[in-house]
Amino acid sequence: MSHPEQHRGRWRPRLDRPALVALLFGLAGVVYRLVLTLYTVPVSNSDEATFGLAALHIGQGRERPVFLYGQHYMGMLESYLAAPLVAVAGPSWPVLRLPMLALYALFLYLIHRLTRRLCAPWFATFVVGLLALGGERVVRDQLTVVGGRPEVKPAVLLMLLITVGLATGTVRRRRLAVALFGLLVGLAAWSDWLILPYLAVAGLALVWALRRELLGWSGLLLVAGVVVGIAPMVWDNLRAGPGEDSWTVFREVSTKAGPSPPWSERLRGGLLEGVPLAHGLCPVDGCGRWQQWFGVVYPLLLLVGAVLAVLAYRRAAASPRGERVGPVVQLALVAGAALTLLSYVRSPLAATSPLDNARYLSVLQLSLPAVLWPLWVAALTAWRGTSSVLGRFTGALSAAALVALTATTLVVTVLFAATGTAASRTEERQARELAAALRADGPHEVYGDYWTCNRLIFNTDETVVCAVLDGDLSPGQNRYRPYWRQVGRAPRPGYVVEAGSPMDRRLRRLLADRADATPVREVGGYRVYHPETPVRPWR
């Protein structure tokens, strides 16, 4: 904790030892991610490029998007945060990702403050140290601009800190704090619906803390804050056509046609793959059996954490509300994790594609203090020698679990930093080579696949415009329709395809006897065709 220290007439904050160590851990985590950001690791893609192009359009005053181009449920807050930087420095991946790095630093600061107030100083330091580590799955969720998760986690932590401050009386401007709480709820709900379970439990904690106070002006300010924060989403939905509202679109993309996987497969994908991946215990290509143990004990830790919170609340039943808010917030964190995990395993994607969809569990990092607190308490009690034989045995197991958790996360982080970045850097170099070649020599209107187009446009600052085709050369997922129309008007568009891909083979078949006469270049693993007459089979 920071203590004021008077020195030559000035008051300066003085960090105690746990806070100083936490600061060093946090700086190490930020520097590690800054280096990755400068090298564009993890690799960029067209989803992220769409957010980058939106930031470019916002900075130029051309667009004011509410949702990601081409859909109606992913908010564009990250694009608005990056827009001033992109407007000044131009489009580049490090510039686009810098706001995400700042949000990560804010996340570490807030979770340290919350954990310290709820639990213990050295435990808060331990949590920051764990969160400073991170393999590819974790840093991808924290650094890449793909919507939602980097900004909603600090928002929830700040809401919970506001609740603690209101309950303990340390917040002076109470009504302003309540309005800020509501604004954060609205912004988070607009940005990413995956955070709704945590918003619900944070709201219940606030209701517990204020109770009758919300029946007056505080309640009105809370509602006003929510309305202001969520207003962009409401306005867009009021103008949406039939079937294009957020709820309908989100429900369609969240369901999967075909037979529903059994619950056993969903639980396996959610617990044994999703939970360890979301906490950085596994490489991005999946978990080994020795890395799945955390997913097995995770529900048990949630249950024990809930029991400890309830017991702590009952022990403080006769105490002022400020002394009981800690267990309430801990219980909220446990409930948020449980509801998030339950929502995830209800989806068929938890069974059919657990590696690709584990990113939806990254918000579970919010509950890490509540999940690990039972292990810390048991280990500390055994170390002090104040427990029975069974308690000492339990404490030894808890200490071993904490050591295993730390060691596994550290190993995965080191392996990724040492050997896992080469592929990303190679792919980025090839993408830059393609962009530079087309920017310099053309063609400047091209067709390509989804994972090529928007990244190519962003890399060339819209000098090259690309329209998306599927593998059979039919129109694909064109998120920003003006690009499709511009390429469609081009008298002689080019075609950018991965060498040897189905699109490459299909294009050569359509060119037929013109294939050998068509100008073609190979750049960075791609083939650039530029036929004299356009090939548009969908017409």
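Is Gly 225 buried or exposed? Select Gly 225 and see. At 8% relative accessibility, Gly 225 counts as buried (buried is under 20% relative accessible area, exposed over 50%, partly exposed in between, with a 1.4 Å probe and protein chains only).

Before moving on, note what you are viewing. This is a predicted model, in which local features need pLDDT of at least 70 and side-chain atom pairs count only at pLDDT 80 or more, while totals for chains, interfaces and linings use all residues. Residues are numbered from 1 along each chain as its sequence is written, and side-chain values use heavy atoms, with hydrogens and water left out.

**Stop 1: around Gly 225**

Gly 225 sits in helix H10 (helices are DSSP runs of H or I with at least four residues, strands are runs of E with at least two, and both are numbered from the N terminus). Now show its surroundings. Setting aside neighbours within four places in sequence, Gly 225 is in contact with Ala 179, Gly 182 and Leu 183 (contact means heavy atoms within 4.5 Å). Gly 225 and Leu 184 are 41 residues apart in sequence, with 7.7 Å from C-alpha to C-alpha.

**Stop 2: salt bridges**

The whole structure has 15 salt bridges (a side-chain nitrogen of Lys or Arg within 4 Å of a carboxyl oxygen of Asp or Glu).

Select Glu 213 and Arg 174. Their side chains form a salt bridge, at 3.1 Å from N to O. Glu 213 lies in the loop between helix H9 (196-210) and helix H10 (217-239), and Arg 174 lies in helix H8 (residues 174-191), so the pair ties together parts that are 39 residues apart in sequence. Glu 213 is partly exposed, with a relative accessible area of 29%. Arg 174 is partly exposed too, at 23%.

Next, select Glu 428 and Arg 455. This is a salt bridge whose closest N and O atoms are 3.8 Å apart. Glu 428 belongs to helix H19 (residues 422-441) and Arg 455 to helix H20 (residues 450-459), so the pair ties together parts 27 residues apart in sequence. Glu 428 is buried, with a relative accessible area of 0%. Arg 455 counts as buried at 5%.

Stay on helix H19 and pick Glu 433 and Arg 429. Their salt bridge has its closest N and O atoms 3.9 Å apart. The two residues are four apart in H19, about one helical turn. Glu 433 is partly exposed at 37%, and Arg 429 is partly exposed at 42%.

Finish with Arg 137, Asp 141 and Arg 149. A network of salt bridges links these residues.

**Stop 3: the largest pocket**

Rolling a probe the size of a water molecule over the atoms shows where empty space is left. The search uses a 1 Å grid over the protein atoms alone: a cavity is a set of points where a 1.4 Å probe fits but cannot get out, a pocket is an open set with protein on both sides within 12 Å along at least five of seven lines, and lining residues have an atom within 4 Å of a point. Grid points are joined across faces, edges and corners, and a volume is the space filled by probe spheres set on the points.

Select Tyr 73, Leu 349, Asn 357, Arg 359 and Tyr 360. Of the 50 residues lining the largest pocket, these lie nearest its centre. The volume of the largest pocket is about 1800 Å³. Now colour helix H11 (246-254), one of the elements that supply at least two lining residues. H11 gives the most, with five residues. The lining has 22 nonpolar, 13 polar and 15 charged residues (Ala, Val, Leu, Ile, Met, Phe, Trp, Tyr, Cys and Pro count as nonpolar, Asp, Glu, Lys and Arg as charged, and the others, Gly among them, as polar).

**Stop 4: the largest cavity**

There are five cavities of 30 Å³ or more. The largest cavity holds about 110 Å³ of space. Select Leu 130, Leu 131, His 279, Leu 368 and Thr 409, which lie nearest its centre among 13 lining residues. Helix H5 (121-132), H6 and helix H18 (389-419) each give two or more residues to this lining. By class, the lining has six nonpolar, six polar and one charged residues.

**Stop 5: strand E5**

Select residues 494-498. Four of the five residues of strand E5 are buried, so E5 is largely enclosed by the rest of the structure. Val 446 has Gly 494 in E5 as its bridge partner.

Terms used. Pairing = 2+ DSSP bridges.
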